[in-house]
Structure formats: structure tokens, C-alpha cells
Amino acid sequence: MKIGNREFDFANHFYMMGILNVTPDSFSDGGRFHSLDSALYHAEQLINDGADILDVGGESTRPGHVMISEEEEIERICQVVDALNLRFDIPISVDTYKAPVAKVGIQVGADMINDIWGLRRDSHMADVIAGSGVACCLMHNRQDNHYKDLIEDVKMDLQESLDIASAAGIEKEKIMIDPGIGFAKDLDQNLAIMNNLRQLQTLGCPILLGTSRKSMIGLTLDLPVDQREEGTIATSVIGFMAGCSLFRVHDVEKNLRALKMAEAILKG
């Protein structure tokens, strides 16, 4: 898959996506990288630690978050994406489910759209992505966590997102999927998804795993958000062994080291 000016061999290797939240209320690092200077400094740290892609988020999607206007979200991300492109040679993803935000993000240099609603929230999102030719990640999400058969329902929902993408003209080679850990799932459901990640391979797309510091880890280990790195690393390694190939994390360096070790063992 080509993202920006880089080819990603997801079938044979794993890659790291560094989280760059430019929001004042992110669940993990809210407000720390809200200014342009601090965002650029953190981006440089993520790149030095081994990030292959930067994922820029302008609206917190933590449980209980307050929605912001499209205009405010655009204002938050545009100067950051533009500045990142001027300073660094790395693919940039914009984390949004709003078509107008995605459109402007792409115009200022985003190479990928990471949609937590998998094209099912904004009916114009698929056309924006198709028209631009950028890559996308379609995450599993729904309004509630009521499932008849958890794994099959998640696969069905993701297939619906893929069907929307296909109908809009988004090439399959431009799509990755995300099981949506922490979204419309309780603790037991999140753990069950983690234990059945390999089943998502039947959908035929690379799998992005985003578990970093999430409540699944906090609830399992009874730890606050700033003490969840070991739990995150465990999920990354398990995800890699189950076929995931892109890992969206806050701490790139530690997860990268663990994944390199796991890769060496599996290839040994």
C-alpha cells in the first residue's frame, strides 16, 4: 500500500503509527501538544523513536467527549499538518470522521484519513477519500454494544464499511481496517476481540490495532492512564502474532522494540 510517498509492505512487515493529538482534552495527553511548537517537538520525538506514520487528531473521541465544530477541528489540524509537511518527510494521517475536515486536511497535505466511524457517520466521507486517492483506515464502531454474535457482527459492520468504500470508488489496495478496541465495546468484548483478531483477516485488508493506554488495559490491570504502557505493549505483541501490521501508539519506541523482538522470534 502506498501512503504518501512511501510503500508499505503490510503483508511481510509491521509499522508504527505515532499518535499526535492536538486537542486540549485527549484522554491520555490532552493539552500537552495543543500549541504548534509543542506539536512539532512531539512529532520529532515520535519520528526519532521510529514512527512510520503520524496520526494527527483534532477532536478527542474518548468516552464522554464533547463534540466540536468542523471549523474548530479544521483550525486545529491544518496548521499542524502543513507545518509537519514542511519540516518532515513522513506520511501524515488525519484522524477524523467529518468529510469537510478530511477534505481540508488532504488539501494541506494529509496522505491518509483515519475514520473512527468507517465511512458510516458522514455520507460524504467516502467520496472525499475516493476523489483524492489517499489511503484510509476504516474502524469498527456503532452506537451501542449490543451484539448477537460479537465477532461476526464486527466483521459484518466492517464489511459494510468496505462496501461503502467500494461503491464510492475507493480502491481496496488503499484500505486498512481497525477492530475499534474501546469503541462500542465493554471490557469483556474488547478482550474477546483481541483474542479473535485473526478472524478479521478474512476481510482481506491490513489490520491497524489501536489499543494504546485504553480503558481495556486500565480496567484489567487497575491502572491510571499514565501507567498502561506495559499493558499496551502486551496487546501490540499479541496483535502482531494475530496478523496486525500497523500499530497506533503513544510510546513508539517501547512498542517498536517489543515488536522487533516478536518478529525476530517468529522469523527465527
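## Strands E7 and E8

Cys137 stands opposite Met176 in strand E8. This is a predicted model. The two strands involved, E7 (residues 135-139) and E8, run parallel and are joined by four bridges. Between them the chain passes through helix H5 (residues 150-168), and this β-α-β crossover is right-handed.

Strand E8 covers residues 175-178. Ile175 and Ile177 point one way from the strand. Met176 and Asp178 point the other way. All of these residues are buried. In a regular strand the side chains alternate between the two faces of the sheet.

## The sheet

Eight strands make up an open sheet with parallel pairing. Their order is E8-E7-E6-E5-E4-E3-E10-E9. E8 and E9 stand at the edges with a single partner strand each, so one side of each has no neighbour in the sheet.

Elsewhere in that order, E5 is listed beside E6. E5 (residues 92-95) pairs with E6 (residues 112-115) in the parallel sense, over three bridges. Ser93 has Met112 of E6 as its bridge partner.

## Helix H8

Helix H8 takes in 13 residues, 229-241. At 1.5 Å a residue the helix should span 18 Å; its end C-alpha atoms are 18 Å apart, so the two values agree.

The buried residues of H8 are Glu229, Gly231, Thr232, Ile233, Thr235, Ser236, Gly239 and Phe240. An α-helix has 3.6 residues a turn, so residues three or four places apart point the same way. Just after H8, Gly243 takes a positive phi of about 105°.

## The whole chain

The secondary structure comes to nine helices and 10 strands. Along its principal axes, the C-alpha trace spans about 40 × 40 × 40 Å. For 268 residues, a compact globule would have a radius of gyration near 18 Å; the protein has 17 Å, which agrees.

Buried residues make up 56% of the 268 residues. Among contacts with a separation of 6 or more, 67% come from residues 24 or more positions apart. The accessible surface comes to about 11,700 Å². Carbon and sulfur atoms account for 50% of that surface.

Note on methods:
Residues are numbered from 1 along each chain as its sequence is written. This is a predicted model: local features need pLDDT of at least 70, side-chain atom pairs count only at pLDDT 80 or more; totals for chains, interfaces and linings use all residues. Side-chain values use heavy atoms; hydrogens and water are left out. The expected span of a helix is 1.5 Å times one less than its number of residues. Buried means under 20% relative accessible area, exposed over 50%, partly exposed in between (1.4 Å probe, protein chains only). Two strands pair if DSSP finds at least two bridges between them. A crossover is right-handed if, with the strands pointing away from the viewer, the path from the first strand over the helix to the second runs clockwise. The radius of gyration is taken over C-alpha atoms; the globule rule is 2.2 Å times the number of residues to the power 0.38. Contact means heavy atoms within 4.5 Å. Accessible areas come from the Shrake-Rupley method with a 1.4 Å probe; for residues, only the protein chains shown count as cover.
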